[in-house]
Amino acid sequence: MAKLYVDNDKFGYQSASPTVEAFHAAIKDIVRRKLDDCGGDWDSFVFDKSYDLITAEDMASVEQMLLDAGHKFDWSAAISPREKPEIYKPAAGVSDEDMATFSFEHPEAKTADADADGRELRGIGDNVAQYPQNCSGTARYIRSPDQVLKYLNEGVPADTIAIIDDSGGTLTAPILEHFKGVICAGGSTRSHLGILTREYGVPCLMNAKISGIRQGDIVEIEVTAKAKTAEAYQTGVEMTANVWRLNKA
Amino acid sequence: MAQNRISYAQLLETNNMMQTCSDETYWLCVTRTVQESKLFPVPAYMMLSYLNAFYRYPSLLKKIESRMSAEEIGDRARNMGMKIQNPSMGWALPGFYLLGREWLINMGLLKPTDAIEDVVYVMDFWKRFQLSWHRNDGHITNKEYGHRAQVLPESRVQVFHADMYDCVEGDELHEAAQTFMASASQYGFLISCESRISLHNSGPYKLADDREMIVRDFMDLSESDFPWLDDVAAGVPHNNITVTMAVKDCHFYLVDDWGSFEAQPEFKADKLVGVGLYTSDNLSDGYMPLGMESREALIAKFNELNAQVKDATTQLWKRIAAWSRDQMIDAGAITYFAIIKDLAHVAGVYDVDDWMKIDERAERFRPLLNDEFSRDALGELVGLVSHPSQQVMEYTMAMHSNKPVRMYSNIPYSVLAGEPYTASSGPVYPGITYLPEKKDAYTTTRGRMTLAEYNKASREFTPPTLTDKYRHLCDTWVKYNAGSELADEMYKLEQARSRNLKGKGSSLKRADVEKLRG
């Protein structure tokens, strides 16, 4: 079989992600085979024959190879498992029914029993902007466009502390300014959601590592803590703010 | 095999520029974290955009330069807040192209010796544009300037400085400006499918010992290039909006090539002490004031724009939430790939099929782009830098990471010693889109136009300050010729719409401008 230029690599071996490595290895096999089929001349193959010979069907066969081996893919955008549930891991925590029992469970969440003020530590996060007072309200998970559409049509309930695992600024775009506070289980203070909450003056913790907070719990976020800077991220300095539960739902 | 048309000097320079971009892209990606969204399949569209950039940029840049050189467009870019600024040109133009190249290398579909005339040309175009656009600060990127962007000439900075209205936290103007900027930022993220490329900050400029100015651009806001803004954004009257912001007791120590800033102490609402509002594009005579005739008019304008932007946000969100995954990927990939499209508008050669379609060569790879593969492949490409092609000798300590890695593969110098290479990936191939066809309506500073009208107007127009008479009269020339008839003429052109500087000429210094603010 034809040998590719990248087959002889002194320092590179394989991609770090098994999925990427499996995909790339399969694609390289297809390239080798098709290069062979057309006589093995790279210069006439790379920007000419390969445009016809390497096809979308070839790429689909690469994905199918992993699916045939029993692999289900992680999803990140809600649309992906909605359109192709057969190729993605099940989507949990996005429907009203799930919410009765759903909670983010981060393995590194710091937790502690209730303090003298009755505040039970349920995790930490990176404070986006410092405020004079902490922020408390009702925890409500927001993880899908359907939930956003519902709040867009019905209005966001008062005192909502939105719990989100999407550090982007688009999912909650039409309702963000109506949140009392935000706890985001991803990103950093420089993520889009962090930028927008700062602009709107909505208290927010990013990169939150929390555990056990259920829909309807009353929570408090320590936004009197110092805001975490880009330098702190780059130098690995820990600057965290607490997330407490005041009352269970 | 192509004949050797590339010199050693060209290769040395090209590899240097690629390495510079590699270092900075890593820094930007690790300090800004990954972009993610529950709404958009972001990594999937990014990966597709990189391929589209690789296949199309060389041909499209040549098409643009058939009418206007990169350095002339760089001059034009200083005169307006259009989307050919740092995120587009400082970073994305080389970045997207080279990321596409790197991914193809890792799939075995490309050698580092392939398309090298394309690579050399793309990097050379980038260099010439950047040097021209940044000619006032004398750097090629914000990174080279220690993360700073002082691209504007004194004549324009003076007008921004002179005409700003003071504000303090809690007053009506402060509230109106802050509210608009929050809404416009959010709208910008939505327009750009979660990316930040509708927003841009440049500066800072020193207004006084305790005050600095940042120039903030919000771009592509109205019914114009993007098919997904047809109708829903018709109520947003300006495609590009620039807000000048003065801050007190707050130093912007970093303005990066993504157009983001960092300040010490942290920039919060209470630091904002002055604002101005403008619109511009390649058909305007520089920045045109919006509501700047009075404080009351400015407050009203901010509030009016805020309402328009919020309405468009809700309409657009509902449209997007009903899209298929392929439509989301298309919109995102096009937003990314077409981040440099305004080069074509400036040159008057914009074509919908060039910029709003996915080239069929890139389209072949769409079936790979499930969420998991896309996330991991992208993460390895720009964050972990862990693809095989990115590994280099073990003694290497890469800038920022100290790891033996290089984001973008060099072109091997062996091509000068007879190693076979290929020159180009070829012309633009037909494109496809899952989105509705673009409506023939473009919002410009001269009103709604068809594309044919817009291209014609672009080809016919040169902003007065950039005509041959003034184009090369730079700040260094002004330093030694202030007060001359020619310098005054040039400054008066910039001052023509200024409330406080109209007709003042070229001799004013910063303190004089401050006094004229009243």
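## A walk through chains A and B

Start by selecting H6(B) and H16(B): H6(B) passes H16(B) in a right-handed crossing. A crossing is right-handed if the near helix is turned clockwise from the far one by less than a right angle, and left-handed if anticlockwise. Helices here are DSSP runs of H or I with at least four residues, strands are runs of E with at least two, and both are numbered from the N terminus.

Before going on, know that this is a predicted model, where local features need pLDDT of at least 70 and side-chain atom pairs count only at pLDDT 80 or more, while totals for chains, interfaces and linings use all residues. Residues are numbered from 1 along each chain as its sequence is written, and chains are lettered from A and ligands numbered from 1 in the order in which they are written.

Back to your selection. H6 covers residues 154-163 of chain B and H16 covers residues 485-495 of chain B; they pack at about 40°, with axes 9 Å apart. Axes are lines fitted to C-alpha atoms, for helices over the stretch in contact, and angles run from 0 to 180 degrees between N-to-C directions. That angle makes H6(B) oblique to H16(B) (under 35 degrees is roughly parallel, over 145 roughly antiparallel, 65 to 115 roughly perpendicular, and the rest oblique).

Now show the side chains. H6(B) brings Ser155(B), Arg156(B) and Val159(B) to the contact, and H16(B) brings Met490(B), Tyr491(B), Glu494(B) and Gln495(B). Residues are in contact if their C-beta atoms, placed from the backbone, lie within 7 Å.

Next, select H7(B) and H8(B). Their axes are 8 Å apart, at an angle of about 25°, and that makes H7(B) roughly parallel to H8(B). The crossing of H7(B) and H8(B) is left-handed.

Zoom out to the whole of chain B, with its 17 helices and 12 strands. Its C-alpha atoms fill a box of roughly 65 × 55 × 45 Å, taken along the principal axes.

Which helix of chain B gives the largest share of the side that touches chain A? First, show that side: 65 residues of chain B are in contact with 69 residues of chain A. Several helices each supply at least two residues, including H1 (8-32), H4 (86-106) and H13 (371-384) of chain B. The largest share, 8 residues, comes from H13(B).

Last stop: chain A. Colour domain 1 (5-71) and domain 2 (103-247); such bounds come from an automatic or database domain assignment. The C-alpha centres of these two domains of chain A lie 43 Å apart.

Conventions. Contact = placed C-beta atoms within 7 Å.
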